[in-house]
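Please open the model in a viewer and keep the sequence panel beside it.

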Amino acid sequence: MITALGAAEFKLLLRNRTAASLAFGMPLLLGGYFALAFGDEGWSTAVALQLLSTLGFTVYVTTTTSLASRRQDHYLKRLRTGAASDAVVLTGVLLPPLLLAPAQAALLLGVSLAAGAPLPARPDLLALAVVGGAAACCAAGVATSGVTSTAELAQITTGPFFLALLGGGIWSLGSTDARTLLAPGGGVAELVEVAWGGPGDPGLAALSLLGWTAVGGALAVRLFRWDART
Amino acid sequence: MRNPVIDVTGLRCRYGDFEAVRGVDLEVAQGELFALLGTNGAGKTTVLEALEGLRAPSGGRVRVLGVDPHRERSAIRARTGVVLQESGFPADLTVGEMARLWRRGDHGPELERLDLAHRRDVRIKQLSGGERRRLDLLLAVLGRPELLFLDEPTTGLDPESRQRTWEVVRGLLAEGTTVLLTTHYLEEAESLAHRLAILHEGVVAVSGALVDVLAAQPARISFDMPGRHDVASLPMLTGDVVHAPSGRVDVRTRDLQEDLGALLAWARRDGLVLGRLRAHQASLEDVFHAARTGREVVAA
């Protein structure tokens with residue numbers, strides 16, 4: 001059932017030009033730009049920015065927009081009357097962003113490697129940045145959808161977290177100040193930097209991602225609504 | 001009632017400070033069609049959502065197919081079919097994709113039965129209102145549910161589509177399916193329902209078997225009073241007589257045959273014409289109107 005729901009979501013995403021361009025085109029365009037613009041300054045900066053924009057657009061914005069739009073269409077309510085459990089419905093609807101993010105991250109990494117980036121010294125930390133960042137962004141997206149009554153409104157409601165994600169990441173790059181880990185993007189950027197042999201504490205960075213996932217999850221439980229009527 | 005399929009006592013539901021449902025009791029037996037009627041905002045959909053397990057009640061006890069539908073939704077989901085008031089279709093999927101998503105398989109015969117086979121590859125956003133509603137019904141009955149919830153299934157349908165829906169519902173009833181229906185079309189309830197309840201402002205104003213509910217309401221006779229006559233010149237009648245300034249006389253009676261006979265005999269004897277004469281047993285519309293205005297509320 002999860003795969004059937006996920007496949008339907010992929011179709012819907014592909015058939016909606018705005019959502020598809022945000023989820024597919026935007027991260028790839030920005031990623032390519034980051035590789036060209038920051039490659040010389042240090043590949044970890046370029047990769048961190050690529051990953052943050054992928055997480056921001058593909059996971060966070062797409063999660064928020066999909067859930068708001070499916071709720072607005074009463075599709076979520078309909079799915080709850082069917083054979084699938086709540087967890088299956090939610091996972092199925094969120095399958096596209098959760099699968100697209102690692103695929104895009106891998107694709108962009110391939111672009112960077114082809115453009116001359118060295119292989120990361122600690123690929124495990126890079127993987128942790130992708131998975132942890134996706135979890136934090138997905139939880140934040142579910143929570144944000146709770147205060148987003150229409151898909152159009154998502155353009156506004158996703159602003160603060162998206163900026164904090166990208167801003168926190170940029171703040172953290174090249175900084176050894178542990179306070180940068182308090183921002184949502186800080187942990188992702190620091191893990192990427194350490195993966196390429198840069199300075200930083202991967203344990204604290206992972207803890208930061210865990211914390212943001214927990215906060216997002218707790219807010220999601222409080223704010224998420226299945227039905228527009230309640 | 002032994003082992004009712006739906007058993008509700010003292011159901012209450014609130015939206016913040018507003019209590020939409022204020023103590024509703026319902027019992028629905030296996031194999032019957034129970035109609036839940038009421039004006040917009042009477043609480044019909046909220047009651048249905050509580051029964052479907054989509055909403056936690058703020059008070060009372062709800063049992064559907066023997067379990068608490070909200071706490072044990074997984075236990076009843078596969079045994080129930082639901083037609084929601086808002087279809088909740090993603091606009092960009094096709095009819096066939098939606099049916100396959102809902103339940104694996106080809107579904108050709110079902111699509112045929114609801115006259116949707118030729119629309120299989122059409123996106124849902126291109127369907128007419130009636131086609132959407134038929135797709136709704138199709139999905140709800142795909143799994144051969146034991147209990148079917150229909151929230152205004154025929155709203156916006158043309159007469160032919162409505163007939164088709166009724167045929168499908170009658171077929172399911174014949175197979176033993178229990179149906180809970182809400183509708184604004186009273187003739188629909190009169191034609192399909194075994195028993196019914198009329199909700200008004202979150203409480204049950206009237207409930208019972210259709211025949212009992214109708215029998216509890218007085219019948220009506222109305223006519224234009226012949227010139228130069230008034231109420232005093234009418235024969236003795238068992239019912240209550242109201243003579244409106246327009247000249248129209250309205251008699252509400254428990255003994256339609258007796259009073260109508262007396263009126264006709266009086267008119268024949270004096271050579272009078274009772275203009276626009278009408279006589280009828282209470283219709284569901286009369287019951288509904290009485291429940292809404294709080295007049296002659298009965299619990300049969």
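Two strands are said to pair if DSSP finds at least two bridges between them. Helices (H or I, at least four residues) and strands (E, at least two) are DSSP runs, numbered from the N terminus. This is a predicted model, in which local features need pLDDT of at least 70 and side-chain atom pairs count only at pLDDT 80 or more, while totals for chains, interfaces and linings use all residues. Residues are numbered from 1 along each chain as its sequence is written, and chains are lettered from A and ligands numbered from 1 in the order in which they are written.

**Stop 1: strand 8 of chain B**

Select residues 195-200 of chain B, which form strand 8. A residue is buried if 20 or more other C-beta atoms lie within 10 Å of its own, exposed if 12 or fewer, and partly exposed in between, with C-beta atoms placed from the backbone. By this criterion 6 of the 6 residues of strand 8 of chain B are buried. In a regular strand the side chains alternate between the two faces of the sheet. Here R195(B), A197(B) and L199(B) are buried on one side, and L196(B), I198(B) and H200(B) are buried on the other.

Strand 3 (residues 33-38) of chain B pairs with strand 8 of chain B in the parallel sense, over 5 bridges. Strand 9 (residues 203-209) of chain B runs antiparallel to strand 8 of chain B and is joined to it by 6 bridges. Which residues flank A197(B)? L36(B) stands opposite A197(B), and S207(B) in strand 9 of chain B is the bridge partner of A197(B). The hairpin of strands 8 and 9 of chain B has 2 residues between the strands, and E201(B) takes a positive phi near 50 degrees there.

**Stop 2**

Axes are lines fitted to C-alpha atoms, for helices over the stretch in contact, and angles run from 0 to 180 degrees between N-to-C directions. Strand 1 (residues 6-15) of chain B is joined to strand 2 of chain B by 8 bridges, and Y15(B) stands opposite F18(B).

Two residues are in contact if their C-beta atoms, placed from the backbone, lie within 7 Å. Because 9 of its 9 residues are buried, helix 1 of chain B is largely enclosed by the rest of the structure. Just after helix 1 of chain B, G53(B) takes a positive phi of about 85 degrees.

**Stop 2: helices 5 and 6 of chain B**

Select helix 5 (residues 129-141) of chain B and helix 6 (159-174) of chain B. The two helices pack at an angle of about 10 degrees, with their axes 11 Å apart. Angles under 35 degrees count as roughly parallel, over 145 as roughly antiparallel, 65 to 115 as roughly perpendicular and the rest as oblique. Helix 5 and helix 6 of chain B are therefore roughly parallel to each other.

Show the side chains where they meet. Helix 5 of chain B contributes G130(B), R134(B), L137(B) and V141(B), and helix 6 of chain B contributes S161(B), T165(B), V168(B) and L172(B). An α-helix has 3.6 residues a turn, so residues three or four places apart point the same way. The residues of this contact divide into 4 nonpolar, 3 polar and 1 charged. Ala, Val, Leu, Ile, Met, Phe, Trp, Tyr, Cys and Pro count as nonpolar, Asp, Glu, Lys and Arg as charged, and the others, Gly among them, as polar.

Then centre on E152(B), in the loop between strand 6 (147-151) and helix 6 of chain B. Its phi is near 50 degrees, a positive value in a residue other than glycine. E152(B) is buried, with 20 other C-beta atoms within 10 Å.

**Stop 3: the contact between the chains**

Display both chains. The contact takes 17 residues from chain B and 17 residues from chain A. On the side of chain B that touches chain A, helix 2 (73-77) and helix 3 (95-102) of chain B are the elements that give two or more residues. The largest share, 3 residues, comes from helix 3 of chain B. By class, this side of chain B has 10 nonpolar, 2 polar and 5 charged residues.
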